[in-house]
Amino acid sequence: MLTPPVGLNLFVSAGITGKSMGWVIKACLPWLSLLLLFLMLITYIPQISLLLPEYFDRLNGY
């Protein structure tokens with residue numbers, strides 16, 4: 001809900017605060033970069049996303 005073309009939360013936040021769309025986008029950039037960082041971690045380090053399934057496989061004896 002933060003990125004175009006949806007970006008509904010950006011429009012709502014700009015309307016509620018009375019600030020410009022540019023101000024709202026700048027305020028969201030730290031959170032968006034954090035989301036991108038975690039997406040890259042999960043995508044390029046498969047052990048992170050496979051930790052839970054491997055745990056349950058070991059638990060069930062597979």
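This report describes the helices of a predicted model and the contact between two of them.

**Helix lengths and bends**

For H2, 24 residues should span 34 Å, and because the end C-alpha atoms are 33 Å apart, the two values agree. For H3, 15 residues should span 21 Å, and the end C-alpha atoms are 21 Å apart, so this helix agrees too.

H2 bends by about 40 degrees at Leu29, with the proline Pro30 following within four residues. In H3 a kink of about 40 degrees lies at Leu52, shortly before the proline Pro53. Just after H3, Gly61 has a positive phi of about 85 degrees.

**Packing of H1 and H2**

Helix H1 covers residues 8-17, and its axis comes within 9 Å of that of H2, the two crossing at roughly 120 degrees. The crossing is right-handed. H1 contributes Leu10, Phe11, Ser13, Ala14 and Thr17 to the contact, while H2 contributes Met21, Trp23, Val24, Ile25 and Cys28. By class, eight of the contact residues are nonpolar, two are polar and none is charged.

**Annotated region**

An unreviewed UniProt entry annotates residues 32-52 as "transmembrane region". In the model, residues 32-52 are 95% helix and 0% strand. The end C-alpha atoms of this stretch are 26 Å apart.

Note on methods: Residues numbered from 1 in each chain as written. Predicted model: local features only at pLDDT ≥ 70, side-chain atom pairs only at ≥ 80, totals over all residues. Heavy atoms only, no water. Expected span 1.5 Å × (residues − 1). Bend = angle between axes of the 7 residues up to and from the residue. Axes fitted to C-alpha atoms, helices over the stretch in contact; angles between N-to-C directions. Left-handed = near helix turned anticlockwise from the far one by under 90°. Contact = heavy atoms within 4.5 Å. Nonpolar A, V, L, I, M, F, W, Y, C, P; charged D, E, K, R; others polar. UniProt positions renumbered as here; feature names shortened; annotations may be inferred.
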